[in-house]
Amino acid sequence: MEKVDKISLVENWTLLHEERDLNLPTKVPGSVFETLIDNEVIEDPFYGLREHEVSWVYESDWIYETEFDLEPDFLEHKVILLRFNGLDTISEVILNGDNLGSTNNMFVKYDFRVKSKLRSKGNRLTVKFKSPTIKAREEKEKCGINLNTGYAAIPGVPYLRKAQYSFGWDWGPKLPDIGIWKPVELIGYDSIKIDSIYITQKLYYNKNLNESSELKDITDLGVMSADLTIEINLESDLSTSKLKNYSLKVDLKAPDGKLFTHEKSINILAPKVEFTIEYPYLWWTHDLGTPYLYDLSVIISKNGMIDSLKQKVGIREIRLIQNADEWGESFYFMLNGVPIFAKGANWIPVDSFIPRGKKRGLYQSNLVNAKEANMNMIRVWGGGIYEDDLFYDTCDELGILIWQDFPFACAVYPHDEEFIENFKVEATQNMKRLRNHPSLALWCGNNEIEWLWKWELHNAGITQDNKINEFKSGYLTVIEKILPELIITYDPNHPYWPSSPSNGFVGDSLGTQNSNSPDIGDSHFWDVWHRNKPFRAYRKFNSRFMSEFGYESFPSIKTIEEICPTDQFDFFSPIMENHQKNSAGNKKILDYMKKRFEIPLEFENQVILSQITQAEAIQYGVEHWRRNRNDFHCMGALYWQLNDCWPVASWSSLDYHGRWKALHYFAKRFYQNVFASIKEDKNSVEFWVTNDLKEKKSVIFEWKMFNSESNKIHDDVYEVDIPPLSSKMVGTLDVNKINEVIENLHDHIIFYQLKTDDEKKLIIDQGMKLFDAPKKFNLQDPSIKWDIKIIKDEDLTELNVEIKVSNEFIALFVFLDSEEYDFVASDNFFSMGPNEARIIKLTKFKKRDGSSLSIQEIKKEEFNIRSLFDLINSRGNT
């Protein structure tokens, strides 16, 4: 029988360091750093200043070895491949004393034909890794040009096809890892096997999308049918006449169980199967519908199954719409005919030691947390990796779209033939691996290279005109010629965008035009933070699609306690400064905080205030851009960044351990489909409602203005219909007409609620708006009271706790936490008007060390409920 056989080679590996006489058991997939930590050769390099004590690890060469036996039947296969799905990065592969070849790309799958080198007993497989930093230095010295990714990184990483962040970034440590980071396997086959598949789709709507421009046309827009073409790419040396002896069977199972089947004989190496599906179950982002998935099965047979492949399929159409308009040119995604406002964040690798992060479950937990914060898009940033299959599978299941950068970021890159050919293999493999995921929305050439071109040349010391022209030509060849051609060849169904930010293809204008225009393409905005501008600067940049903007804060105090002793609990202590990789970042956090708040003496309270300041900043920007969605003026806001790769002060909303910062709770509110916002200035107030749903929403907008003594000054109610996919100003207020407010506007606050306009009057959204910095509002003790109720789930699967919170006077930024427990609250860091009561549900309980928690262990005294008043009045302030 010719059945394709696969044997996993992930067991019984050993890691060796010859000079230090180390011989350690190691995991595959895994890494050198992970192994050294597990075997207690080094202590946790994230703790304290240890990052700087372990440079010998990445400055060393390392050897992986394993031995294995094979059954005689397996050795009978005509072809046997040794497949490495990922080697990080510079290595030689040796099997039974024979050198099979070398590797130089972390992102490439390497296959070696090894039938003649294998035996049934005592096969020895060796992978010799070279130090990545030594290799980078060698390349730098050979070329004479200091290619680098900036001040926070070890120079030379652009010469390597390795995750660029690993050499250091302005949020990540200098800990370039080494090792077999993806599975290893032997594949035996005889005549034929499946290489890949490619699924193309055509959806038929009940309306002409090109003619349906009115929002009213969206409400009853539907897909009548879908044509699916499945191309199966085969590997075989068989002649056409012999191929006909093999059959192909393709099954497509719908979510309701209905089965579509097609069988045919094979006569070419790329046979196609077509299905027409009436009224298909569509894949939607979770905010617009259900991300339905079909089960696809492909089987090659000849007197029994030879090879098979299974994959999830989402029926959907994604388009990037760029039309000329009054501002310049639109930039938005249309999913199944519906224009979507992209709401989300930028994604970096889950850990400095990537295989460990996967084992810790960070892919699932971070993405579930993103969905729970109402995000519908994640941008995979170009300084990281093409992510693990688990990442894309999870986004498919959760209904989250992916903007995928190719792994180039913030640097000038080599342009020699060897480098380009290496990259072409890398890009082709990963396009074929990822192109069928319904979550994939767009391929993007790189992060910020086009925008920062002149700075990057200067940073690398490239000043001679001929060298500048060479690197310019190399960039344009890869980004604006090779990649578009590869997209057309391997994935024409997805849009390609040359860089982020960009106005589109730049050509000879590279370095001379503004690639970060607010009128066309996507934008990055860093005036708030990097240029120290106030939050209101966000309102002066009317982006078409804001793909990156951010503001820093510190992680949870529990996370800090795991990497810093209490005697260094100070923003400017050596350890806290080491866990801040942005130049003068901790000072910037404090400076921004001082503009907004009185600074408490207690370190923990300062940390919490940093998170509140971050949340305020990002909320200010998102509210503005979401108000601007009408006529597709702005159609996306992806903040920097979702997650961390180690415990650090950064722009993330989830810290390294997945603990929600204040920003993540704010995001849950400001990314919800229907939400209210207030645009305030010194003279007037505008009340807005944004509706991202496909149907109109009837709502009641109630607001009340109070002074700091909790006395009501003014109020109003608006009953309005909000059209689908729009923002609407539902009311205004001229504050100059309210005499008691004019002189001390800063000492007033507006609380608002958005409710359903029906019998239930359910609260959709609620919040508050101050007219100035919180420190100018004369806070009183809110007299918060609270009680706890433990709810035992009927299925005993999850522990739920309800907290009832009430207050007498105005309470700002009320938050719940615990020194002993981790949990996710239904809401947190919220503000309450006078005499309010709320019920907050707590779920996902665990102890701070990650272990499970029983009902009997829950104690009320382990919870803390505080507000801004408590933070700044605990022991005085600076």
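This is a predicted model: local features need pLDDT of at least 70, side-chain atom pairs count only at pLDDT 80 or more; totals for chains, interfaces and linings use all residues.
Lys249 is partly exposed, with a relative accessible area of 31%, where partly exposed covers the range between buried, under 20%, and exposed, over 50%, computed with a 1.4 Å probe on the protein chains only. Its salt-bridge partner is Asp251, with the closest N and O atoms 3.8 Å apart, and Asp251, at 15% relative accessibility, counts as buried. By salt bridge I mean a side-chain nitrogen of Lys or Arg within 4 Å of a carboxyl oxygen of Asp or Glu.

Residues are numbered from 1 along each chain as its sequence is written, and side-chain values use heavy atoms, with hydrogens and water left out.

The count of salt bridges comes to 57, and I would like to take two further pairs. In the pair of Lys162 and Asp88, the closest N and O atoms are 2.7 Å apart. This pair links distant parts of the chain, since Lys162 sits in the loop between α4 (132–143) and β11 (179–180), whereas Asp88 belongs to strand β6 (residues 87–88), 74 residues apart; helices and strands here are DSSP runs, H or I of at least four residues and E of at least two, numbered from the N terminus. Lys162 is buried at 1% relative accessibility, and Asp88 is buried as well, at 7%.

Elsewhere, salt bridges that share partners join Asp287, Lys343, Arg626, Arg629 and Asp692 into one network.

Let me turn to Arg659, found in the loop between β30 (636–639) and α17 (662–670), and buried with a relative accessible area of 9%. Its side chain makes a polar contact with the side chain of Thr559 at 2.8 Å and another with the side chain of Asp822 at 3.0 Å; a polar contact is a pair of N or O atoms within 3.5 Å, where within protein one must be able to donate a hydrogen and the other to accept it, and residues adjacent in sequence count only if both atoms are side-chain atoms.

Finally, the cavities. Where is the space inside this model? There are three cavities of 30 Å³ or more, a cavity being a set of points on a 1 Å grid over the protein atoms alone where a 1.4 Å probe fits but cannot get out, with lining residues having an atom within 4 Å of a point. The largest cavity holds about 120 Å³, and among its 14 lining residues Tyr413, Pro414, Gly474, Tyr475 and Val478 lie nearest its centre. Helix α12 (residues 465–490) contributes the most to this lining, with five residues.

The second largest cavity holds about 90 Å³, and its lining of 15 residues has Asp88, Met106, Asp177, Ser352 and Ile354 nearest the centre.

Conventions:
On a 1 Å grid over the protein atoms alone, a cavity is a set of points where a 1.4 Å probe fits but cannot get out, and a pocket is an open set with protein on both sides within 12 Å along at least five of seven lines; lining residues have an atom within 4 Å of a point. Grid points are joined across faces, edges and corners, and a volume is the space filled by probe spheres set on the points.
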